[in-house]
Amino acid sequence: MTTVPPASSTPLGSSALASSPLAHAAAGLDACVHCGFCLPACPTYLALEDENASPRGRLVLMRAVLDGRVALDDPDVSTALDSCLGCRGCETACPSGVPYGALLEATRTTERSITTLPWIGRVILAVFASPWLLRLVLSGARVLRATGLARLAARWLPSRLATPFALLASTARPPQRSYAAVRAAGASPREPVALLTGCVMEGLFAPVNRATERTLTVNGYTVRPATGQRCCGALHVHAGDRAAAQRLARENIAAFEASGAEIIAVNSAGCGAMLKEYGHLLHDDPLWQARAEALAARVRDISELLAAAGPIPATGPSLRVTYDAPCHLQHAQRIVAAPATLLQSVGAATLVPLAGSDQCCGSAGIYNLLQPDVAERVLAPKLAAIAATDADVLATGNPGCLMQIGGGLLRADARTVARHPVELLDAAYARSDDTDLRQ
Amino acid sequence: VHLPASLLSELRAIVGDRHVITRAPALLAYESDALPGYRARPALGVFPGTQAEVIAVVQALHRHATPFVARGAGTGLSGGALADDIVLLGVHRLKRIIAIDPLARTARVEPGVVNVTLTAAVAPHGLHYAPDPSSQAACTIGGNVAENAGGPHCLKYGVTLNHIAAATIVLPDGRVTTLHAPTTPDAGPDLLGAFIGSEGCFGVALELTVRLTPDPAAVRTLLADFLSLDDAANATTAIVAAGILPAACEMMDRATIAAVEASQYAAGYPTDASAVLLVEVDGTDAAVAEDADRIETICRTHGARAVLVAHDAAARARLWQGRKKAFGAMGRIAPHLVVQDAVVPRSVLAPVLAAISAIGARHGLTICNVFHAGDGNLHPNIPYDANDPVMSAQVHAAMQEVMATCIAAGGTISGEHGVGLDKLAYMDHLFTPDTLDAMCRLRSVFDPDRRANPGKVVPVHSCREWLGTAPGPRTGAPIALPPAPAPSASADGIIEYRPADLTITVSAALTLAELDACTRPHQQWAPLLPWGDDTLTVGEVLARGLTGPTRTSLGAPRDLTLGLTLRDHRGATISAGGRVVKNVAGFDLTRLVIGAGTALGRITQASLRLRARPQCSEAWAIPSDALDHAAWDSLCRGPYAPLAAEAIPSDVAAAIGLHAIAHHLLWIAGNAAQVAATRPWVAACGPAVALDADVWTALRRHGPFAEPRAPELDAVARELQARVVAAFTAQPTVVA
């Protein structure tokens with residue numbers, strides 16, 4: 001057998017490595033038996049066809065870093081780790097229960113102690129960490145969208161430049177008949193709920209947030225405002241900026257505690273997964289850990305809440321609908337059936353299965369902005385599968401996925417549009433005679 | 001190894017820069033397969049994306065005399081796809097399903113197609129690819145062919161060998177040829193049979209024509225739990241001995257159940273049981289219901305505490321999921337895992353399991369057993385910590401003892417994982433120097449320079465033309481072997497008959513009539529049934545590869561022979577294969593010899609797989625002019641397919657006592673319920689007349705009535721066949 005000499009130099013000394021987040025998470029590496037079941041579940045392996053772009057390959061590299069066989073800032077190691085979408089599709093496929101998401105996060109955090117993100121990533125994270133900058137950028141984006149410039153640019157610019165415009169243009173929504181939401185006669189009164197309004201959700205998908213509030217109300221929940229809430233911090237954790245994420249988490253915990261709501265509703269799968277992991281994020285903060293865990297236990301995805309409520313059925317327009325599972329709903333939160341329950345309550349909609357709906361679309365937070373080429377390769381089979389369903393609407397409950405798939409559909413000039421599942425339910429409620437719901 | 005710079009630039013030009021990996025950190029991911037106890041760094045990785053690129057890469061490696069190892073998904077369990085400082089050639093990018101022919105029930109696929117992807121692709125046609133190794137969610141068809149992979153359902157449906165109709169391969173010297181499964185007698189050395197399971201030593205597959213199997217109309221899965229491992233083992237033997245051929249019969253012991261139930265694939269196995277048996281029967285509704293009832297009774301008689309029957313697909317999938325993911329679930333127990341593979345005669349499962357348990361206890365180790373009980377194919381697995389040198393040494397010693405125990409019990413060292421690196425040290429204990437030498441000669445036919453997966457499968461010291469005539473020193477620690485039981489030889493040509501194992505070893509001079517007379521009292525048969533009469537000897541049938549009317553339903557000699565002894569033209573005695581129903585230890589000399597006539601030597605003994613004689617058997621004749629062809633086709637292709645179906649001319653009809661007009665004849669068989677359910681299908685074909693089922697014995701003397709067309713061999717395949725013959729006739733050139 002070949003014996004491999006230890007990496008000649010590493011800026012991360014062996015003692016620093018021994019106390020790094022990666023070293024603390026190392027027990028998770030031991031669970032891997034190298035069976036390879038994760039390979040076909042990994043979108044980047046399928047797209048790039050190299051084991052370095054697979055969970056098994058990345059776990060080998062993490063182990064090699066810990067064993068001193070390779071330096072953490074080796075370009076091959078960075079490339080392998082950066083290529084990961086963080087979709088955690090591998091966790092669902094893994095029979096040994098390797099905590100891949102936690103290992104990736106620990107590795108990226110360790111990585112950030114010796115290297116920095118590319119400038120574009122740093123800019124994006126800084127914007128999300130600052131309320132006023134974020135408001136400014138999102139207002140600018142809305143102007144660009146309203147003028148139709150985003151749509152034009154998405155259509156006419158060359159592929160790589162067009163991507164951000166397509167993402168933005170896909171968030172446009174036609175005006176919709178509004179209705180005064182009241183608790184439906186068939187719905188029992190339920191707990192008070194506060195909605196995580198989110199950054200991208202409120203900035204670019206405000207109609208979806210309003211639809212979420214209305215559908216919650218119709219189904220018996222009382223929606224309470226939670227002022228002072230911030231970005232959930234998921235983007236920062238995934239990029240290895242744990243400290244920023246912890247700051248945001250503390251502010252959010254305080255805001256939701258003050259709202260008096262018993263349940264925190266989230267309509268963005270990625271943010272929901274983050275909130276549910278606040279206990280883990282603040283596990284080393286004795287002042288906040290218990291509060292973080294208590295909050296995390298009260299977080300529910302909107303599909304969970306509505307599915308638990310029934311939900312009140314209503315007849316929407318006759319549509320062919322297909323569903324794509326956001327990774328952070330299916331793999332991270334393990335919520336599989338609830339979105340279908342929600343969509344089935346929309347009468348007149350025909351639900352058609354989507355091949356490979358459990359595979360990532362390539363959005364993955366800001367991945368599609370940092371790695372547009374890989375993101376596009378990952379998206380290609382998804383668009384082909386959607387085309388095969390001949391659906392009018394692709395439903396998915398996460399802003400990143402809505403934009404990635406929506407933008408792809410836009411650029412492909414497809415007739416399918418991407419919508420959040422609650423938008424369909426809300427549209428059905430809006431169509432129903434108000435008295436229908438009151439009776 | 002030093003790779004010439006010009007090779008590197010050639011490879012980059014062929015596959016593109018992105019698909020040639022040379023930097024050490026990026027090669028770490030390719031150091032292991034799914035047995036990470038073995039690790040070796042390739043000198044470089046090259047990953048072609050098309051068949052033309054594979055050919056060009058192999059030709060470039062040939063020009064530069066560079067050794068290489070082919071790799072699929074790296075899910076192997078023998079360290080077989082490790083490239084130690086040589087070139088690693090991955091074929092996982094070749095993942096096209098080229099064509100599906102639902103009528104012929106075949107598909108043409110590239111080697112990188114994932115096993116379960118193929119089954120998903122053909123599912124709309126009501127078909128599936130039968131070999132289902134537990135790694136099927138990740139492993140590739142190319143890798144399956146290299147290892148002759150099995151799986152739970154090969155108990156009834158056979159292993160990879162039985163499901164590959166043709167393979168287009170590139171030889172290590174860069175020449176391309178297509179090898180076909182023989183369809184006619186006297187087809188010459190079976191190169192495809194030798195290629196399958198050759199662990200990447202004979203070339204690289206470019207395209208495979210696989211046979212597809214119709215989905216069964218009905219499936220029942222039973223879970224029986226036992227308070228003793230012995231009872232579960234004995235129940236397995238009793239099920240098979242009762243004449244039932246389950247689609248699968250799997251066993252898991254307590255330690256395995258605990259691991260599975262702690263994982264996200266918890267299947268609801270009772271954690272307080274000593275063992276569970278997962279038995280699946282499939283076929284028609286009628287047959288399955290009867291078999292399931294009988295299995296339940298047998299399990300209860302043998303001490304099953306409870307028998308759970310999964311009736312719907314969801315419940316079945318849940319029961320299977322735990323079994324299929326058991327190996328991964330053991331990752332929870334300890335940081336490392338040794339996965340073993342050995343086969344013993346089914347009837348000695350209970351004592352062998354007890355011995356394995358004792359070996360574990362002696363070394364202070366937990367051995368988890370999860371295995372294909374119906375085949376006697378054991379998988380003793382040991383979770384351990386490789387960083388603990390004392391424990392690692394104990395594991396190593398325990399595994400050697402387990403292997404020795406299995407060999408002593410009349411078994412073999414690998415049923416489906418292959419030899420690779422992991423089993424290399426045991427080859428000497430299983431095969432004679434003459435047999436190992438024959439394997440080396442076969443390897444030289446395909447790869448004279450030993451550049452394809454060098455150092456694997458057959459220990460180098462056993463190749464005489466390389467290292468002189470005497471075997472070299474043994475590698476690895478010696479194993480103390482218990483004395484082998486003396487064969488119960490008898491003068492009548494029956495060397496060993498184990499009814500409970502459904503195996504028999506006979507002299508090649510035994511006639512088919514004598515073989516039949518021996519197995520009939522046990523309600524068993526060796527369904528060779530070739531065209532001709534029963535004075536043919538077993539040796540003739542095998543040497544010529546003779547088949548008859550049951551070829552498609554019950555198999556050809558290459559499907560039914562477990563092993564054989566050959567006296568070759570050099571005077572060497574070669575013992576190929578073994579006496580157990582699954583065996584992938586070493587190169588497949590058995591397949592090579594079947595159909596090769598006397599070109600390679602004379603067959604002196606053969607071990608055959610037996611089947612339970614059908615409980616009911618009926619023959620029906622329909623005048624051809626009154627035949628409803630559509631009904632006939634749907635009977636022959638459907639779930640009630642007969643054992644045999646032939647169109648016979650008028651003179652033959654007269655000779656077997658029918659009216660002297662052309663007839664269509666059917667042979668239907670199975671349990672009573674199955675045969676009763678088949679009769680209406682027969683009636684639908686036309687006015688059917690019942691005949692004595694023995695009419696088929698008479699009919700075999702008059703056939704064949706339609707000889708299948710022999711596939712045409714290309715020049716390279718013909719040359720390979722000639723070189724195989726030469727390798728078994730010419731005297732070895734000894735290099736001092």
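**Note on a predicted two-chain model**

1. The area buried between chain A and chain B is about 3200 Å², and carbon and sulfur atoms give 50% of that area. Buried area here is the accessible area (1.4 Å probe) that two parts lose on being put together, summed over both. The contact draws on 39 residues from chain A and 43 residues from chain B. Contact means heavy atoms within 4.5 Å.

2. A word on conventions. The model is predicted, local features need pLDDT of at least 70, side-chain atom pairs count only at pLDDT 80 or more, and totals for chains, interfaces and linings use all residues. Residues are numbered from 1 along each chain as its sequence is written, chains are lettered from A and ligands numbered from 1 in the order in which they are written, and side-chain values use heavy atoms, with hydrogens and water left out.

3. Next, the polar side of the interface. Between chain A and chain B there are 17 residue pairs in polar contact, both residues at pLDDT 80 or more. A polar contact is a pair of N or O atoms within 3.5 Å; within protein, one must be able to donate a hydrogen and the other to accept it, and residues adjacent in sequence count only if both atoms are side-chain atoms. Four elements of chain A each give two or more residues to the side that touches chain B: helix 4 (43–48), helix 5 (55–66), helix 6 (75–82) and helix 7 (89–93). Helix 5 of chain A gives the most, with 5 residues. By class, this side of chain A has 20 nonpolar, 8 polar and 11 charged residues. Ala, Val, Leu, Ile, Met, Phe, Trp, Tyr, Cys and Pro count as nonpolar, Asp, Glu, Lys and Arg as charged, and the others, Gly among them, as polar. Helices (H or I, at least four residues) and strands (E, at least two) are DSSP runs, numbered from the N terminus.

4. Salt bridges come next. A salt bridge is a side-chain nitrogen of Lys or Arg within 4 Å of a carboxyl oxygen of Asp or Glu. Between chain A and chain B the count is 6. One pair to look at is A:D76 with B:R23, at 2.8 Å from N to O.

5. Within chain A, look at helix 24 (residues 372–389) and helix 25 (residues 399–411). Their axes come within 10 Å and cross at roughly 70°. Helix 24 of chain A is therefore roughly perpendicular to helix 25 of chain A, a label for angles of 65 to 115 degrees. Axes are lines fitted to C-alpha atoms, for helices over the stretch in contact, and angles run from 0 to 180 degrees between N-to-C directions.

6. Two cis peptide bonds deserve a check. One joins A:G310 and A:P311, with omega about -25°. A:P311 sits in the loop between helix 20 (302–309) and strand 5 (314–323) of chain A. Another runs from B:G703 to B:P704, with omega near -5°. B:P704 is in the loop between helix 26 (695–700) and helix 27 (715–727) of chain B.

7. Finally, B:Y157, in helix 6 of chain B. Its side chain makes a polar contact with the side chain of B:D282, at 2.7 Å. Leaving aside neighbours within four places in sequence, B:Y157 also touches residues including B:A130, B:H163 and B:T213.

Key:
Angles under 35 degrees count as roughly parallel, over 145 as roughly antiparallel, 65 to 115 as roughly perpendicular and the rest as oblique.
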